[in-house]
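Welcome! Please take a moment to look over the sequence and the model, and then we will walk through a few of its details together.

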Amino acid sequence: MDLRSLNKEELNIVLKEWGLKSFRVNQIYDWFHVKLIRDYNEMTNVSKELRMRLNEEYPLNCIKIDRVQESRLDGTRKYLHRLSDGNYVESVFMRYRHGNSVCISSQVGCKMGCRFCASTLDGFERNLTPAEMLDQIYSITRDTGERISNVVVMGTGEPMDNYDNVVKFYRLLTDENGLNISGRNVTVSTCGIVPGIMKLAEENLTLTLALSLHATTDEKRKELMPIANTYSIRELMEACKTYFEKTGRRVSFEYALVAGVNDTATDAKELIALAREAKAHVNLIPVNPIKERDYRRGSREAIEAFKNSLEKNRINCTIRREMGTDIDGACGQLRRRKLAEG
Ligand code: SAH
């Protein structure tokens, strides 16, 4: 167990057994989550004996940066991290006018099987711990020397399939005694696991929930996303409405535009109705083609036209700005290449 997965109360309980006073525990927590140490020996105000004992009984499972690719176009940095068990995960650092943003992974691989997604091609390996999710941010903060103000859980993995660890991660990330990132600046994206959405609605969090909708009818959605066989769009809309009622936070629909598949005028009309019903914001993503599948994106004009028809109907809508287009394709590809190299 990595002690950085524990909140302050839990850390207190564990270290009280060693006779540590709470001010000492606070110091250690601060080293973990504010000073972002990667080795107990960096804790200069803690005795050598204690550092050694911590290292023996609770070694830090720090992730290591294996590879970084930086975009010449916009400074976006893609990271491939090596986990302590030899698995690999990816995250992306992006600079925006409103601050720096990191997109993190929540699992090693993914079992959801979305047709257009590269993260799912090699199947599912395991869940990430709260510490491993935090560490993607901590490691990048140290590497860039820049503060990160926004976090999106939109890398590899389905957050609702690793629910407890993701919620713990969120609480540690937004803790005022930690990095203290504003909950409003955290987005969690789900392929649409209804019980997870309903549970999250009760947690009293201020995060933004993004729903990967991608299609407006169950038939079409089933072709793109196997999860649509389990939960219908009707059930998803009810869950989104509940989420909005309980939290006061607008849900965001992710909609990857695939040429000839979900970008017709009829699709737009149906999407308008769904977004209106759920009071959702729509985020259009020009699909990122992956070489394993034959999905293409429409022209810039077709994408703009789709957006305009939504806006004409007063649907709040953005086209996802593409970052780092020169460094790699869709998420999951960096890890995939690493696995192929063996
Ligand atoms: N499992 C979660 C989060 C990870 S995927 C989810 O499904 O939401 C993050 C977002 O990227 C999702 O909206 C996903 O559908 C989208 N995505 C995955 N592959 C893509 C691709 N090739 N092009 C465009 N968007 C993609």
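Which backbone atom lies 2.8 Å from a nitrogen atom of the ligand? The answer is a backbone N or O atom of Asn288. Before going further, a word on the basis: this is a predicted model, in which local features need pLDDT of at least 70, side-chain atom pairs count only at pLDDT 80 or more, and totals for chains, interfaces and linings use all residues. Residues are numbered from 1 along each chain as its sequence is written, and side-chain values use heavy atoms, with hydrogens and water left out.

**Around the ligand**

The ligand is surrounded by 17 residues, and the closest are Phe116, Ser189, Ser212, His214 and Asn288. Here a residue is near if one of its heavy atoms lies within 4 Å of the molecule.

| Residue (backbone atom) | Ligand atom | Distance |
|---|---|---|
| Phe116 | nitrogen | 2.9 Å |
| Cys191 | oxygen | 3.4 Å |
| Asn288 | nitrogen | 2.8 Å |

Of the 530 Å² of accessible area that the ligand has on its own, the protein covers 94%. Such areas come from the Shrake-Rupley method with a 1.4 Å probe; for residues, only the protein chains shown count as cover.

**Aromatic pairs**

The whole structure holds 3 aromatic pairs (rings of Phe, Tyr and Trp, the last by its six-membered ring, with centres within 6.5 Å; planes under 30 degrees apart are stacked, over 60 edge-to-face, the rest tilted). One of them joins Phe32 and Tyr40, a tilted pair at 6.1 Å centre to centre with 55 degrees between the planes. Another is stacked, because the rings of Tyr255 and Phe306 have centres 5.6 Å apart and planes at 20 degrees. This pair links distant parts of the chain, with Tyr255 in strand β10 (residues 252–257) and Phe306 in helix α10 (residues 300–312), 51 residues apart. Helices (H or I, at least four residues) and strands (E, at least two) are DSSP runs, numbered from the N terminus.

**A serine in a loop**

Ser105 lies in the loop between β4 (99–103) and β5 (107–109). Its side chain reaches the backbone oxygen of Glu90 at 2.7 Å and the backbone nitrogen of Thr156 at 3.2 Å.

How values were computed:
Polar contact = N/O pair within 3.5 Å; in protein donor to acceptor, adjacent residues only side chain to side chain.
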